[in-house]
Amino acid sequence: MGVLDGVTGLSRHFTPESLAEHLLSRATPNPDGCLIVRGYGSQRGVHQKIAGRAWAHIAAYAVFVGPLEPGLQVDHTCGVKDCIEPTHLRLATHAENCRSRTQPDTCRNGHPREVNPATGRYRRVCRACNADAQRRWRVREAEERRLSQTPEGIAAAVERYRSVSGRDPGR
Ligand SMILES: [Zn+2]
Ligand SMILES: [Zn+2]
């Protein structure tokens, strides 16, 4: 069994050495410690193909970690699908792979999460939740403003002013 046997779709002419070189020449480390590979796909945060039609993370596992095992998948412990950092790759069963997603693909309110193109990871802040929170805040603020303009609201404001300043307003 050769090191590259389990790497399907790989161009024939690659050796483990030339494939390792090819992968590294197309990869850039990011501040999270991931090694982000640039494959044929231009989109960040998705699995990338390189060297023919081989998945980059599978090729990387085979040449940097190895060996691949039939029936097991290459899983990212970092959750970044276009990462080929050897220490972020491990073999897992399909079930483990699904369970171990470090980042759920929806926020806690069920909105689909957005991938940050700079990091390939999901954005921490959910824009939909953020917009909801801002909307609620604006409603609350408008309601407070409305209440402050009723006679009771004005009396309460005068009372607050008095207790803080010790004087009546307007004197
Ligand atoms: Zn990574
Ligand atoms: Zn949300």
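In helix 2, the buried residues are Ala-56, His-57, Ile-58, Ala-59, Ala-60, Tyr-61, Ala-62 and Val-63. A residue counts as buried if 20 or more other C-beta atoms lie within 10 Å of its own, as exposed if 12 or fewer do, and as partly exposed in between; the C-beta atoms are placed from the backbone. Helices (H or I, at least four residues) and strands (E, at least two) are DSSP runs, numbered from the N terminus. The model is predicted: local features need pLDDT of at least 70, side-chain atom pairs count only at pLDDT 80 or more, and totals for chains, interfaces and linings use all residues. Residues are numbered from 1 along each chain as its sequence is written, while chains are lettered from A and ligands numbered from 1 in the order in which they are written.

Helix 2 spans residues 56-65 and is mostly covered, with eight of its 10 residues buried. The cover over these buried residues includes helix 1 (16-25) and strand 2 (35-37). It also includes strand 3 (49-50), strand 4 (54-55), strand 5 (73-76) and strand 6 (89-92).

The largest nonpolar core has 28 residues. Such a core is a set of buried Ala, Val, Leu, Ile, Met, Phe, Trp, Tyr and Cys residues joined through C-beta atoms within 7 Å. Leu-23, Ile-58 and Ala-59 have the most contacts inside this core. Helix 1, strand 2, strand 4 and helix 2 each give two or more residues to the core. Helix 2 gives the most, with seven residues. In soluble globular proteins, nonpolar side chains tend to be buried together.

Contacts are pairs of residues whose C-beta atoms, placed from the backbone, lie within 7 Å. Leaving out residues up to four places away in sequence, Ala-59 touches Val-7, Leu-10, Leu-19, Leu-23, Ile-50, Ala-51 and Ala-54. Ala-51 sits in the loop between strand 3 and strand 4. Ala-51 counts as buried because it has 22 C-beta neighbours inside 10 Å. Its phi is positive, about 50°, although Ala-51 is not a glycine.

Gly-66 follows helix 2 and has a positive phi, near 55°. A cis peptide bond joins Gly-66 to Pro-67, with omega about -15°. Pro-67 lies in the loop between helix 2 and strand 5.

Thr-77 lies in the loop between strand 5 and strand 6. Thr-77 counts as partly exposed because it has 14 C-beta neighbours inside 10 Å. Apart from residues up to four places away in sequence, Thr-77 touches His-88 and Arg-90.

The chain has five helices and six strands. From the N terminus, its elements run α-β-β-β-β-α-β-β-α-α-α. Helix 4 (residues 127-148) is hardly covered: the count of buried residues among its 22 residues is zero. Helix 4 reaches 31 Å from its first C-alpha to its last, close to the expected 32 Å. The expected span is 1.5 Å times one less than the number of residues.

The domain assignment gives domain 1 (16-105) and domain 2 (128-165); such bounds come from an automatic or database assignment. The C-alpha centres of these domains lie 53 Å apart. The radius of gyration of the chain is 28 Å, whereas a compact globule of 171 residues would have a value near 16 Å. This radius is taken over C-alpha atoms, and the globule rule is 2.2 Å times the number of residues to the power 0.38. Buried residues make up 23% of the 171 residues in the chain.

Definitions and conventions: Two residues are in contact if their C-beta atoms, placed from the backbone, lie within 7 Å.
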